[in-house]
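Visitor: I'd like a close look at one single part, please, and after that a walk through the rest. Take it slowly, I'm new to this!

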Amino acid sequence: MAEKKPTGTILVAGAGVSGIKAAIELAEIGYKVLLTDASPQIGGILAKLDNQFPSDHCGMCRMLPMVGREYASQYCMRKGLYHENIEILPFTQVKSVEGDAGNFTIELLQKARYIDTDRCNGLGECISVCPVEVADEFNHGLTQRKAVYKPVPHSTPQMLLVDMDACTRCGECVKVCPTNVINLDAQDETSNRQVHAVILASGVKLYNLREFEDAKSWAVSPDVVSSLAFERIISGTGTFDGKIKRPSDGKIAKRLAWIQCMGSRNRRQNRDYCSSICCMFALKEAVLAKEKGGDDVETTIFYMDMRTFGKDFYRYYERAVDIGVKFVRCRVQAVMLNPDTSLSMRHYDSQDEEFIVADYDMVVLATGQIPYETHKDLADLLHIKVNAQGLLPTETYDKVKLTKPGVFVCGSLMGLTDLSEAMSSGIAAAGQASRLLAGLDVTIIEEEAVPEPRAKDREDPLVSVVLCKCSDKVEKSSVDFGALEKGLKKLMAVGEVNIIDMVCSDEGKETVLDLLKKSKCNRLVIGACHPFIYRNALKNLAKKAGFAASLFEIIDLSSIVHKGFFEPNRSESGAKDQTREAYNELFAIIENLKLKPALHVETLPINQTALVVGGGIAGMHASFSLAQRGVQVHLVERSDKLGGYASTHVNHTIDGLEPVSMAKDLAIKILEHKNITLHKNCEVAATQGSLGAFETKIKDNENQENIYLQHGAAIIATGGVEGKTAEYEYGNSDLILTQAQLKTGLDTGEIDVSEAETIVMIQCVGSREKQENVKQDGQKQGREYCSRICCVGAIANAMTIRQKNPEARIFILYRDMMTYGFAEQYYTQAREEGIIFVSYTLDTKPRVALVDGKPVMTFLEPVLNSEIEIPADFLILSTGVDAETSNRDIGKAFNLPVNQDGFFVEADSKWRPVEFMKVGLYVAGTAHSPMTLKDAILQAEAAAQKTYAYLSGRKIHTAHAISRVHDAICVRCQRCVDICPYGARSYDEVLDRIIVDGATCQACGMCGVACQNNAAEIMGFSDKQIMAVIDAKMSKNTIGLAAQ
Amino acid sequence: MANFTKISFKKGELNKQLADLFKGMMEKGVVDALLSPMTQPKRGVMQTLITHPAHVERIDPFAPVVPVNGAKIASSITATPSGRKVAMVLRSCETRALIELGKLNLAEFDDVLLIGIDCLGRYENLDFLNLRAQGESSESFLEKALSGDTKRNDIDICGACKICEFPVADTVDLRLCVIGAGADALYVESLTPKGDKVLETAGLSFGEAPGSRDAAVKQLVAARTKARDAEFAGYRESTGSFDALEDRLAACINCYNCRVACPVCYCKECVFVTDTFRHKADQYMGWADTFGTLKMPTDTMFYHLTRMSHMSLFCVGCGQCTSACPNSIDLMPAFRTAAQKTQARFGYQAGRSHDEKQPLTVFENDELVEVTGQVK
Amino acid sequence: MSEFEPKIVGFFCNWCTFTAADLAGTSRLSYPSNIKIIRMMCSGMVDPKYVIKSFLNGADGVLIGGCWPGDCHYINGNLKARRRVAMLTEILKEYGIDERRLWLRWIAASEGTMLREVATEMTHKLKALGPSPLNLDKNQIDLNRDSKTA
Amino acid sequence: MDFSESDKDLWKAIYNTKDLLHCFNCSTCLSGCPASHGNPPLLVRNLARMVVYGLEDDLLDDDTAWACVSCSRCEEMCPMDVKPFEMILSIRKWQSANDETRVPPSIVEIYKRGYTQSVGTNTELRESLGLPELQTITKMPEMLKLYQEMLMKTPVVSENDYMFSEE
């Protein structure tokens, strides 16, 4: 007998959002995931954030799986997560990692919670009796908690624990615990597990302003808070119910200031990097403060460079300016405490040449990351050395792939990331892990066969009701279970009522299983105490007993029973009310079940072929990543060669990359790979179909023919082009060049800088400006966004010039240096090399005049506040990145949205950065927005992974609950098509009817409401059912109970 | 504006003049077909689709009757392509309903020449037949109606028409104007480039509007609006409570005629006749148990309120619901008053323009904040 | 006579308000039991029929709980709900059903406290408003009482 | 501003360390500088910029470096480790070296007053806080005399004694 292959298993260490995303991705393929977190909860920083840029809201649940959603939890992600293939291990440290890629042994240390969370009912009797009070970490010490506490107050299930450092072991909690689950002598437990790959997602620590050397200058009052603490203050669930109040005295704060770069961009403290997200954080907080606090709230941000480099970041900044957020480009030296407890800061206004002292009610410090310690610890764990920068060593082109095989990173370990990058990197890390596992002799978790419908499911509805007595809790409660049983039995649809003690216990479960196996009923209701905790155990129980998943419901008896529990002295009539309430709830659920059809999943065949549009680096990388895992790929490239923009223009980058040779190598791999079919000189003309079964028509421009490709999914990776300009006399002198022209000229030697005395570069040419402000050929040409690559590109070119000509004076005129992350070091290095950086604003744009063919520059020197005039030997313009002009056509062909800048619009800018709303279509690289080479590769890996997750199987199952069309009464008005947020519905002109894409449909019910006669309906959520529930809940009919 | 063509006619020859006009259009190939009210061989006037010019002569566009709101008919012949250009002679209430159906992909306007007529009201079908039997013609109706007199032997035009503030069709290509035109003439007005082209091809010249038209239209609209406001006020006074509404609808027998007659009740089959409302016996018993009694048939109030929520945003006030009720329930004011409020809430007016999006199909992040009254 | 206890039908979005209600329950934030909660997948799934039906069945108020704009799991279902509620309010008002009886509120999953506040406030306001005109039970025969006296 | 005369290598002559070049004009140095309260104010950041640009003439004419009170707060807080206080001292040295007759008015101020900055500004605040009046050397003529005699012994004062004579 052949030995059973092991199930592919991956450790994801760190359950912040990027770790969670990586885990979900791998679970979706069918691998087993161990998701650990050192803290007692999951969710990382995001558990604290109610409002996230750019929508200023949450939407975290959008990172849950779209296809196969029924395998995962279907509730708010900030409350928790469940997925059948993910084992979540909070409060667990990874103590050691031994072995090699494909064969790691990890040692886990599960810290004692002192509470058996599987049995805890989460109601917190213990909390109320605990006499110890300590500062609550969740609210950054702004509130107090007990020694026994809920680490995230709103998580579900509420995973309580005892803080043993604070605990006095008085034992009050043990006495009061109704379920007897507190054990103050519990011990930490270690265990060894075998995994095939490791993903590190533990994030990094943030600078703590009260711990560090500068503390005395800033932390002068409790009203000076970190930006994360401020999140808790503005949170609706936070310290003051969302009111912006001062921690010191609870008074409403109206004058708020943010100080940027706290603990980062600091060479003196050996933190010469930018924490990347703090600018957006401060912007968002300032905007929210104004929106929540009212128009009279004054918000001031003290900054050096506003690093609004991401997609739509700049527009958000413009919005902040519009609503009156004040920006001061000055770093202040200290916060001072006024006698009246308000705070004051002094800054210098360079333009008006005066010092300004202003008072504030609160000051928020943008505290940056401190990565080195974390990286050092992780390197030790992996038995490797940190690199020269003190960070975990990664592969040259892959940000998520460590040089140690089999280990990957994502999220803030790569450098503080925004949500979008946290998501992309999580998916990319999962992708890299899955690439590794695809080559190993491992298997995926076998999907259970879809059960055959039982004959009795088609018979008249007969409901089996199981009610849990919940041990003594019910005894104390005033619900009359006897009366309830009698009442329910009178209902025609009820076949049997069983009252069981402790359904959650093993014995209880067995009893129920025995009963159900013998049952003649075809529908099942279990009334248990906490459905969020027990849902899955009970679901399995029902499944084992043979009940169809759709014909089974759990009802939360606890909310009714507990009321009695907490108020045991209710009057007799109150008790009767309560019994009636329980009866009505059960009646409603029975009415609902009665009308519910037995739903079955549909199985959709998957064409295991991918289409990749665009043969640039992102497209090539995605193609190769898929091909390596055995997916057939059609790669469509418009031109006659592979490589795209970076590979033709950039020989080497400042961080030591060599895009040209890298692209060349990749192109050879593509050409040689048996799984990749390259279509050169081809353009996409039209597409139809849905996940698993697309058909795309491509035009072969060389052979003048149309080719039809069948594919299961597609990745759009069309890339971008260098921006055009007509500003600054461009085109009127050979001495005025774009950065790309300079780069090429320097590489080929066609441009000689050895004699040059002065070279001036201008950044943001035509970028980060209102579209209408910049015109070219009568066209609006402004790029209302940051192109992200120009600042580092300009520095790279300047450094090259510096090498060739150490005597030249090089000026870089910039608006905000976008050297985020560790790129900050290049900026520092460039200054050290004597390159002079001069900032300008949109009001003080540099001017250029051609004198004897030579550009003469005039610009305002903002520090000295005086104009400088200087003749330049070369004027170099950073013209940014424009979207591919073909994006609009491709968008039309695939029915995908393109934004006003010409880039594709992803499904969700935070949570689904590489996906389109339509399942099965993905985006990578500059097609999404301008980005660096490494980021494009990251996205390509992520897009490939999303594609692979669905194309790795021959078929996928739809969810049970999806919408359908009743053709006979459908009038074809297509309101459902227009209203569907996922594009899951379409009108088929040939068939003359509405088609539902079952994999894409999320059963949100929008179509059902838009359709006035229910020709569109969600199966299992029909109007008929809901109206029956309304009837039942509002029913005054207590005949069932009258006999009591 | 000079886009009016005057067509004079001798007494009794209005329909002949119109027939000639349309015949010319068909013969010149401007349109391939004509949908127009036409005198039927036996009795009455019905919308009729004419594809042969020879049959145009029996048309009677101004006949004061609308047995079926023409929007439904127009929808049925344009929702799917026929390859033919068709001219449609419709009243304001019909064109406005048709525009709403267009937004629901149930009418297509590319191949349609919309011709609106000045409408002075319609009689209930039986009343109209009786009046015809008594020798009343469209011309005699127009003549008196233009002077404000619509009553014949105690029979008057329907309630909906008396309070209709849209006697003139607005969103059309051509308009057949009788208001302010004098007794012996009719004006054809072009409102769109499409209309201009048709008139050109048909060899009609462009001229000025009749001098008194504007004032006459304004006066009529003002009078109707005043009547409407008075009617609404009276209705709200008498039926502003749920009790009163229940009383008004008490005779409803769930025949659903009102929704069949409604031009903007566009569903193929009303949800109230689908399986959703096919209840099992124990359901009825359960309801009866609640109060001890259950009025049958059930769901009448539910039906009317739901229909209000479904169509009030599109309601054009044609009054066909009232006309259709076998138990003489005057539904029109019930629906029109609600429609007045719902449409106003969204600044929407059913049938005003092709470009206005139906209120429940567009959504903004920052709107209607008063609904929840919550700020971030 | 005991105080009038209004009956409220709550259509709660699964992703936010429904979870908030659960949170309120388990956090022992007791809120008035006047609300009969019906779980919806999204506030945008609440058909006008459900609201009308609730009132016809004698509800004194209807509370629809949805995600804050921007938070909707289904992108914009909550915005659709808002438009429908605006429309429905106008119709109900016309027939004497006070607009204060139909509430749409944004209540995030973590806002158990807000749920309690909203539920309490609505109950208080409905008490002040008195029974719904559809809940006057003029002809009601209380079967319970009958069966006891019988 | 005329750039043609500027000397791009000036920083080497004044303060030959790359620390200076790291300056990114964040303004930390000046926002809390006590001498920035003076008139004209000492703007450390601007001095650094002038050095970097090599604005020799302007820098030579600028007296503000002499207003520094040596609190070294800028040094302590500078995120780029420019060591601004060192730079101030270097500028002073360079100015003196390049213009032997140069005696900045601030030294005259120091000579006359006995200290650099006016301290009379906060009298009311001190009073409100119950603090005693500040005892400055000005109010102790004998001490001031001693101090002036001491200063007179330095070459920079004695060689320019005409500037210090009381009239």
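Guide: Let's start with a word you'll need: a residue is buried if 20 or more other C-beta atoms lie within 10 Å of its own, exposed if 12 or fewer, and partly exposed in between, with the C-beta atoms placed from the backbone. Helices (H or I, at least four residues) and strands (E, at least two) are DSSP runs, numbered from the N terminus. Everything here is a predicted model, where local features need pLDDT of at least 70, side-chain atom pairs count only at pLDDT 80 or more, and totals for chains, interfaces and linings use all residues. Residues are numbered from 1 along each chain as its sequence is written, while chains are lettered from A and ligands numbered from 1 in the order in which they are written.

Who are its partners? Strands pair if DSSP finds at least two bridges between them. β36 of chain A (residues 736-738) pairs with β45(A) in the parallel sense, over three bridges. β37 of chain A (residues 758-762) is also parallel to β45(A), this time over four bridges. Keep your eye on Leu875(A): Ile736(A) is its bridge partner, and Val760(A) stands opposite it too.

A nonpolar core is a set of buried Ala, Val, Leu, Ile, Met, Phe, Trp, Tyr and Cys residues joined through C-beta atoms within 7 Å. The largest one has 369 residues, and Val12(A), Ile199(A), Cys410(A), Ile715(A) and Ala924(A) have the most contacts inside it. Helix α23 of chain A (residues 933-951) supplies the largest share of this core, twelve residues. Zoom in on Ala924(A): beyond its neighbours within four places in sequence, its contacts (C-beta atoms, placed from the backbone, within 7 Å) include Ala618(A), Ile715(A), Val914(A), Ala936(A) and Ala940(A). Another core, of 142 residues, lies apart from that one, and among its members are Ile812(A), Tyr814(A), Cys26(D) and Met87(D).

β23 of chain A (residues 463-468) pairs with β24(A) over six bridges, in the parallel sense, and Cys468(A) stands opposite Ile500(A) of β24(A).

Four pairs of chains are in contact, and chains A and C share the most contacts. In that pair, 45 residues of chain C meet 45 residues of chain A. On the chain C side, α1(C) gives the most, with five residues. Chain D, by contrast, has no contact with chain B, their closest C-alpha atoms being 35 Å apart, and none with chain C, where the closest C-alpha atoms lie 37 Å apart.

Chain D itself has ten helices and zero strands, and 32% of its 167 residues are buried. An automatic or database domain assignment gives chain D domain 1 (10-98) and domain 2 (105-164), with centres, taken over C-alpha atoms, 24 Å apart.

Chain B is divided as well, into domain 1 (4-226) and domain 2 (241-372). Their centres, over C-alpha atoms, are separated by 29 Å. Where they touch, domain 1 of chain B puts in 21 residues and domain 2 of chain B puts in 18. On the domain 1 side, α3(B) gives the most, with nine residues.

Notes. Two residues are in contact if their C-beta atoms, placed from the backbone, lie within 7 Å.
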